[in-house]
Protein chains: 2
Amino acid sequence: MAFEISPTPRVRRSPFFESTVADGVVSFSTYNHMLMPTGYGDPLAEYWRLIEGVSMWDVAVERQVEVVGPDAAKLAQILCPRKLEKLKVGAGWYVPICDHRGTLINDPIILKLAEDRFWFSIADGDLCVFARAIAAERELDVAVFEPDVAPLAIQGPKAEDVVADLLGDEIREIKHFRFREMMLDDITLVVARSGWSKQGGFELYLIDPARGPELWQTVKEAGQPYGIGPGTPNNMERIESGLLSWGGDTDDDTNPYEVGMDRYVHLDVHDEVVGIQALRRIWQAGPARHQMGITMDLEGQLGAIDQWSRIFDEDVLIGHVTAHTWSPRLEANIGLCLISRSYGPGSRVGIQLPDGRRTEGELRELPFL
Amino acid sequence: MAFEISPTPRVRRSPFFESTVADGVVSFSTYNHMLMPTGYGDPLAEYWRLIEGVSMWDVAVERQVEVVGPDAAKLAQILCPRKLEKLKVGAGWYVPICDHRGTLINDPIILKLAEDRFWFSIADGDLCVFARAIAAERELDVAVFEPDVAPLAIQGPKAEDVVADLLGDEIREIKHFRFREMMLDDITLVVARSGWSKQGGFELYLIDPARGPELWQTVKEAGQPYGIGPGTPNNMERIESGLLSWGGDTDDDTNPYEVGMDRYVHLDVHDEVVGIQALRRIWQAGPARHQMGITMDLEGQLGAIDQWSRIFDEDVLIGHVTAHTWSPRLEANIGLCLISRSYGPGSRVGIQLPDGRRTEGELRELPFL
């Protein structure tokens, strides 16, 4: 949609904003009350750079909710229906955060920085306000706040080489979702093997936002030999890879079981965990929907759509396509859907797009690739 | 900023979206996870239409958080440090919502629809998640959800005539912040004398979003004799009028006393109210800052800026300009600021804009007009 974004302090810019503008960013979304770059004008080039090379992303919108103090570990566990006992300092885990109804209200990575200090690296929802409310209601001795930490993601098969050139070969030893505090010259970073793609890579959490332009430039220069270029969280790749976009693929009734997070919910976790009673009831009753892939019999190449499509069995509404894209590797129009559990891989269904077009599709296992 | 907004279901469109596009909307912001129209290409015409005539606004982003059930009144009071005993069915009040630290986390209008049913008509923050957390932690028997209600604002000195032509002269009897459920043909509306300007007017809360285009068209036609045209929440007018933009004029430490909401905080409200202990402490210690107007000695006409400017006394940082605009009626560059209580009307201060420009300014009482 070719509309301008009007400036307001309600929607903040990233520490990398000027750098992304200089590098030709053309479109944004907003995320966690900030501007998030979404494209540099050549979606296919950006896609293939991620799949075959290396791409650098301004993901400062991935805000941290820091939980620190004597009761930090207690609060972290109260917020997560996944047992955190075995989470070690220096490791991150993907966790569901549910409200008391068992509804998924965020799907962060929790990073354990110290025994009494955690970051929730969050999706697009005000988790800080929620976490503060729970902490205060439970009278916990803990501080909860949003530090101004700005992640820069380096993603793609050549990302490791770029980061090794920047920070030394020791980064090759960092396992998936592990992180280390490191110095890049005199810039302090938390370096994690993570990122919102399945192509591998790292996230450099910048601690001092004033160093944003410098970090961007340094990464850009280190990446030159590998053909690095600017990119963004990639709708095509993430749908192929079956990565969840909370708030896009979920609604106000989606529980973790519906979006493939079963293994991150431990029903025998302590009763104090927010939502655990509801999750037990949901599990017993059986969740209504599940997330699946879908291929669509449409001519042409679908772009992202700002609304869900409806899925029918004959005239009966049975679910929604929550995310749409053309898949360059599958050479097909594909999507993610939330659909009744009565339908599984191979089911043929009818689809009505938001613009009224009707087509058919077939359900697929996730990930596509 | 001339960037495109990329489509995603994370950022929803309004029921009036197609209508605003047909009427020439050129820019958006996002607000409560939705697209909010911010301009139709002629800011001065839109301003004068609001000041002298009548303007129609898509403010569907002004979401409702509905609180309903046996404990609804109890929860409403727990969320508001303003005594709600005297709030009558059919009336709305402006209220601060604070977290346990006494920090302002929203500044909604609360509408009392029935003894056991309320709407919080919210600013740009996830109040629903917060209210649900408090309700569940306090074990209250209440439902909290976001109904898909879409307000359309009709603002300006001729707004009353337009709404009277639409709905009958009885609407002239509706007092400020009062509302009635009414039918426009067969479209159900909640009609309130309210809106985010000081030019007078009404908000029509559309209950069935499917009727959006029809309502837009009907209002547009009824407004023709009065020269109605499309508009949006207006940065120039709201700064002149001293209206607060929560999240834009506030930060993560702003309490209600700092932004002129003193008279909406009742320190003798029940101890169970969220944040009341903190508010008592803040009141006793004396709030650090206050919101004031500021005039700036800049050449040219300022537009909105996406960052705060810094305010200095000599070299000492004493506050920030949180909102900037050219005022067509004052023929001056003006702003709102959050500044140390040591500085009052008439104080001369130094200002550094985000782009580095330096100027001087003078503090003023609010509202400007």
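Colleague: What volume does the second largest cavity have?

Modeller: The volume of the second largest cavity is about 50 Å³, where a volume is the space filled by probe spheres set on grid points that are joined across faces, edges and corners. The model is predicted, and local features need pLDDT of at least 70, side-chain atom pairs count only at pLDDT 80 or more, and totals for chains, interfaces and linings use all residues. Residues are numbered from 1 along each chain as its sequence is written, chains are lettered from A and ligands numbered from 1 in the order in which they are written, and side-chain values use heavy atoms, with hydrogens and water left out.

Colleague: Why is such a space called a cavity?

Modeller: On a 1 Å grid over the protein atoms alone, a cavity is a set of points where a 1.4 Å probe fits but cannot get out.

Colleague: What makes a residue part of a lining, and which residues line the second largest cavity?

Modeller: A lining residue has an atom within 4 Å of a point. For the second largest cavity these residues are D126(A) and V129(A) from chain A, with I105(B), N106(B), G125(B), D126(B), L127(B) and W246(B) from chain B. They divide into 4 nonpolar, 2 polar and 2 charged; Ala, Val, Leu, Ile, Met, Phe, Trp, Tyr, Cys and Pro count as nonpolar, Asp, Glu, Lys and Arg as charged, and the others, Gly among them, as polar.

Colleague: Which residues lie nearest the centre of the largest cavity, and which strands supply at least two residues of its lining?

Modeller: T30(A), H33(A), D124(A), T30(B) and H33(B) lie nearest the centre, out of 18 lining residues. By class, the lining of the largest cavity has 4 nonpolar, 8 polar and 6 charged residues. Strand 2 (27–31) of chain A and strand 2 (27–31) of chain B each supply at least two of the lining residues. Strands (E, at least two residues) and helices (H or I, at least four) are DSSP runs, numbered from the N terminus.

Colleague: What makes strand 13 and strand 16 of chain B edge strands?

Modeller: The open sheet in chain B has 6 strands in the order 13-14-15-12-4-16, with mixed pairing. Strand 13 (179–184) and strand 16 (229–231) each have a single partner strand, so one side of each lacks a neighbour in the sheet. Neighbouring strands are turned by 30° against each other on average, direction ignored.

Colleague: Why are strand 14 and strand 15 of chain B said to pair?

Modeller: Two strands pair if DSSP finds at least two bridges between them. Strand 14 (residues 187–192) and strand 15 (residues 201–206) of chain B run antiparallel and are joined by 4 bridges, so they meet the criterion. V191(B) stands opposite L204(B) in strand 15.

Colleague: In which sense do strand 4 and strand 16 of chain A pair?

Modeller: Strand 4 (residues 55–58) and strand 16 of chain A pair in the parallel sense over 3 bridges. P230(A) in strand 16 is the bridge partner of M56(A).

Colleague: At what angle do helix 3 and helix 4 of chain B pack, and what is the handedness of their crossing?

Modeller: Helix 3 (residues 72–79) and helix 4 (residues 127–137) of chain B pack at about 115°, with their axes 11 Å apart. Axes are lines fitted to C-alpha atoms, for helices over the stretch in contact, and angles run from 0 to 180 degrees between N-to-C directions. The crossing is right-handed, the term for a near helix turned clockwise from the far one by less than a right angle. L75(B), I78(B) and L79(B) in helix 3 meet F130(B), A131(B), I134(B) and A135(B) in helix 4, contact being heavy atoms within 4.5 Å. This contact has 7 nonpolar, no polar and no charged residues.

Colleague: Which peptide bond of chain A is cis?

Modeller: The bond from L366(A) to P367(A) is cis, with omega near -5°. P367(A) is found in the segment after strand 22 (358–364) of chain A.

Technical notes. 1 Å grid on protein atoms, 1.4 Å probe; cavity = no way out; pocket = protein on both sides within 12 Å on 5 of 7 lines; lining within 4 Å.
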